[in-house]
Number of protein chains: 4
Amino acid sequence: MQIDTQVRGSLQQRSTDLDNRGRLLVKCADKPGIVSVLSTFLHTHHSNIIESSQYSSNPENGTFFIRIAYHCDGLREKASQMEKDFEQIATVHNMEYSFHYLHERTRSAIFVSKEPHCLMELLWEWQNGDLDTDIVVVISNHEDARPFVEALGIPYYCIPANKDIRKQVEAEQIRLMEEYNVDLLILARYMQILTPAFVDHFENRIINIHHSFLPAFIGAGPYERAYERGVKLIGATSHYVTNNLDEGPIIEQDVERVDHRDNVGELKKIGRTIERRVLAKAVKWHLENRIIVEGNKTIVFH
Amino acid sequence: MQIDTQVRGSLQQRSTDLDNRGRLLVKCADKPGIVSVLSTFLHTHHSNIIESSQYSSNPENGTFFIRIAYHCDGLREKASQMEKDFEQIATVHNMEYSFHYLHERTRSAIFVSKEPHCLMELLWEWQNGDLDTDIVVVISNHEDARPFVEALGIPYYCIPANKDIRKQVEAEQIRLMEEYNVDLLILARYMQILTPAFVDHFENRIINIHHSFLPAFIGAGPYERAYERGVKLIGATSHYVTNNLDEGPIIEQDVERVDHRDNVGELKKIGRTIERRVLAKAVKWHLENRIIVEGNKTIVFH
Amino acid sequence: MQIDTQVRGSLQQRSTDLDNRGRLLVKCADKPGIVSVLSTFLHTHHSNIIESSQYSSNPENGTFFIRIAYHCDGLREKASQMEKDFEQIATVHNMEYSFHYLHERTRSAIFVSKEPHCLMELLWEWQNGDLDTDIVVVISNHEDARPFVEALGIPYYCIPANKDIRKQVEAEQIRLMEEYNVDLLILARYMQILTPAFVDHFENRIINIHHSFLPAFIGAGPYERAYERGVKLIGATSHYVTNNLDEGPIIEQDVERVDHRDNVGELKKIGRTIERRVLAKAVKWHLENRIIVEGNKTIVFH
Amino acid sequence: MQIDTQVRGSLQQRSTDLDNRGRLLVKCADKPGIVSVLSTFLHTHHSNIIESSQYSSNPENGTFFIRIAYHCDGLREKASQMEKDFEQIATVHNMEYSFHYLHERTRSAIFVSKEPHCLMELLWEWQNGDLDTDIVVVISNHEDARPFVEALGIPYYCIPANKDIRKQVEAEQIRLMEEYNVDLLILARYMQILTPAFVDHFENRIINIHHSFLPAFIGAGPYERAYERGVKLIGATSHYVTNNLDEGPIIEQDVERVDHRDNVGELKKIGRTIERRVLAKAVKWHLENRIIVEGNKTIVFH
């Protein structure tokens, strides 16, 4: 309990410092003058651009994407008027866009099965103040992780699951997502398949970690198959979940070197360290609104 | 000769495609509205921003840096008027700035001593069309590399050097730099110390490769000293040359793993592959105007 | 408490499986026939070599080092006779050597100050069954880590320390090392200097993590100095502690890429992930008797 | 011509120094005493073990593999008697084995199509004295690389190829392999499929570089498909060629980071640097007899 209070306290304090920070993501057809329009809008609304990253899918007739982080004194009060003013610009230039505010912290749920290493990494980063989110609930189909989670004051729900009861399990999970008002679902080695209905409910808001270097070893038993194939590197991939198993937009991947001496057990052990850091990075970038999904790919502004 | 003609032909062709591309680097005090000013300037000059990267040294009262790559039809003709128009803006906002055009290729000289690996890597990348420069002359204090260089149709000058004749050697080198109208000097394992007078003559235009992970093992014999210390990684560092030996602004560094079995000879062999890629990257970024030197550090916009 | 019991149970079980495994480390002058002597010795003692790694410092008149892992049914009972029989061989060939048994688990103490990340990593690896040791005590000069440690059933002693009371602090620490019968001391970001007397007491048995890529940034404030120098990679180094600050034999090093946007705070954050994995690897290799210290360098048999 | 003479001279000299070095590779059923038998054999034949690496596929009833590098004065003269003496041991223990001598240099052929980067890397490493082989012939289905190759005094044959004339093309290639007495075939981006008859003729002696991180993107257009999938790392794989396309035993793999800005052209450019180093490593390890093929996997003794 003591730990938890301390964590929330430190996150709370950080957030206050950053209360006047916003982020604007925009997507539209590329044409001359877009950056000028956006930067002039922010300037006239007394906002200073702190960070700006852009990408155009093609020098000619491409699609334009931009992420702008800005500072604006009194942003909490001004935000709704700014958004209203922005509507006109967005209409003229046919923009898709979203505003994000650091004073509105993302509410995350973590789903986990038996293996706790990814959950632990996220909790650890969170305690350390390195994940700017409220972890509001942990859901598992096993009891194993309960003590770690409850020690941090986070509600833990064990909902046993298997394919025969998938529908009622998901109904209960959705109910909890609503109860806890969850923005982001993190599958931290949650080994149950989700139904299309569930996935559609949270489009581009479910991040999974797959324990292979996709598209190699899609599906079950990736470490076993990596061992059989005799690869010299193993990897992990975090991606948004879509209804094509392990084929959603990739956010981050990484690998480690292995050799002939590493049996499946060793591969799993090495793999755990990759999974931990790959998932943590993907979640962090999502929370920082660095990711734009375009088709089945991601643009990640570093 | 045949090889050389082919290379120049392919670079020539690429350059024509990119004739209408420019880059603008700006540095000034950070304040709201700078991006708006710059993007509006380019827009009113019918230029489309292709790439833009910025950095502020501090959210409050920091220094602002930006690199903008843009496309402008007929740029070759419009450039001088644009530059003239920009002067006013620069004066108002107290900007340091520079315009760069892809139709004006940087002219590079490579300096090398006995070990040819870095020279070879640069020549190789250049033949491959991956270094957008004219390599106009190679200067060495040894004859070793002459056949490789002349086979590519590049003039090669062997100017024996040692500390007693440094002054007259440098006079001859400077004469050649002027004769060949050189913009960039690349020290590709050139093992002679340069005098302050020479360095000052080419401020922020001399790139060196040092065969250690600076600031470890400054000076002579870095692989020998790495061996003595028993490090588990060795590295290389490319940096702009200043008058403090091996202490100029770092552009790029990289490392490779070594172990107790690697003697000094092995370290050098492994080191060569690091040196090759680190120097090639630094040169490429310089040619793409991705680097801004600020104090004794670099901002590198990737 | 429940967590702790579970960890110990799983380690206990693993150890039983491996009860018949031993490791033999030997160092002597290199000459033909050494491997033959050792392998014949083990064979005549009904031991099967599972893993064997050797190194000779020089093809001619070098020093020979070998690590042999072997299996022997009933090793627990046979070990003392084997050691007695080996004495003769060792005398004839003038060998330094040591036998290690997997049924005798290393007893470790962890020292930590305020920053808990390295401690957490070790505890996590240990809970996961990936550190084959008994963590018998944690000592700190602060109270911060107490809840994490005691939750795992590990005794925690807070001994405030500063340079004025160093002698009495170390006396108390040594008393605890003796009370808990400690084999290995792990300095997991313990920010106090140890006296020569203390270090000598535990020669080659104290592992430290230094938060830089040694020999760069020896001493205090390495991240601050890395920031000042504008390096493009930061690192961490684990080493055995000697009486020359940060100059003991290096066990492992690693680095991560940084750029101009990373301020000191960011460097520290990135650095923490490096420190965690570098220290964990060094400790693991020590526990697996993979390390031989020779002069001021290590031989690490992977 | 001058370059070539210089290279051969330096390789020749190195080889003389190492004339008394041999390597023994052994595979047999694992059982106690094997290392003892081998090391005693070498000792009684006045050979000193310089390097020894072993691997057992399983602690119980596994297969045992060992690579021993040894020094023996007068090896050139003693080799045939040693081999004869070893036959008995091999029969008793049912060993597969091979002796290799540094005074008998491997004769390599390089096959290449249009893209020269892998060929260039091999030639470069070879000139540098880092590939201990005679490159006796280069075969291509294009003329592009002829000048580079002939400049080094290496015969170059251009044999246009396509699937309709595959049989006669391969007949000509085999004739050349025999004429030049080739031990090792290196496919340095040779873009023609080889027939089973050809592959069988050179079992475990053809090394290929595939431009993806296998098993991802088997077959044609891997960079195009990597781009489509939006992966965040691209890779290359070197492997022995078997009759299952891109499914032979993997020797080495590596990757580089890419991002959303990298189009197919950029991926290819980045990929070239990976392909170069991955193929060079695989060839080097083959030449050093570090690789044992077991089933569809490799054991690589580093």
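**Where chain D meets chain A**

Modeller: Happy to! Between chain D and chain A there are 20 residue pairs in polar contact, counting pairs in which both residues have pLDDT 80 or more. That confidence value comes in because this is a predicted model.

Which elements of chain D give two or more residues to the side that touches chain A? They are α8 (222–229), β11 (250–257) and β13 (297–300) of chain D. Of these, β11(D) gives the most, with seven residues. Sorted by class, this side of chain D has 15 nonpolar, six polar and ten charged residues.

Charged residues bring us to salt bridges, and the count between chain D and chain A is four. One of them joins A:Asp254 to D:Arg257, where the closest N and O atoms are 3.6 Å apart.

Now step back to the whole interface. Here 31 residues of chain D are in contact with 31 residues of chain A. For chain D and chain A, the buried area is about 2800 Å², and carbon and sulfur atoms give 56% of it. Three residues, D:Arg229, D:Lys232 and D:His260, supply 26% of the area that chain D buries against chain A, more than any other three residues.

How are the two chains related? A rotation of 180 degrees, with 0.0 Å of shift along its axis, superposes chain D on chain A with an RMSD of 0.0 Å. That is the relation of a two-fold axis. Of the residues of chain D, D:Ala216 comes closest to that axis, with its C-alpha at 2.3 Å. As for the surfaces involved, 100% of the interface residues of chain D are also interface residues in chain A, so the copies meet through the same surface.

Next, turn to chain C, which also touches chain A. This contact takes 18 residues from chain C and 18 residues from chain A. The area buried between chain C and chain A is about 1600 Å², with carbon and sulfur atoms giving 51%. Here the count is eight salt bridges. Among them is the one between A:Arg276 and C:Glu121, with the closest N and O atoms 3.0 Å apart. Four helices of chain C, α1 (2–17), α4 (117–127), α5 (146–151) and α9 (264–287), each supply at least two residues of the side that touches chain A. The biggest giver is α4(C), with six residues. By class, this side of chain C has six nonpolar, five polar and seven charged residues.

Finally, look inside chain A itself. Two salt bridges are counted between the two domains.

Technical notes. Residues numbered from 1 in each chain as written. Chains lettered and ligands numbered in written order. Predicted model: local features only at pLDDT ≥ 70, side-chain atom pairs only at ≥ 80, totals over all residues. Heavy atoms only, no water. Salt bridge = Lys/Arg side-chain N within 4 Å of Asp/Glu carboxyl O. Contact = heavy atoms within 4.5 Å. Buried area = accessible area lost by both parts, 1.4 Å probe. Polar contact = N/O pair within 3.5 Å; in protein donor to acceptor, adjacent residues only side chain to side chain. Nonpolar A, V, L, I, M, F, W, Y, C, P; charged D, E, K, R; others polar. Least-squares fit on C-alpha atoms with pLDDT ≥ 70 in both.
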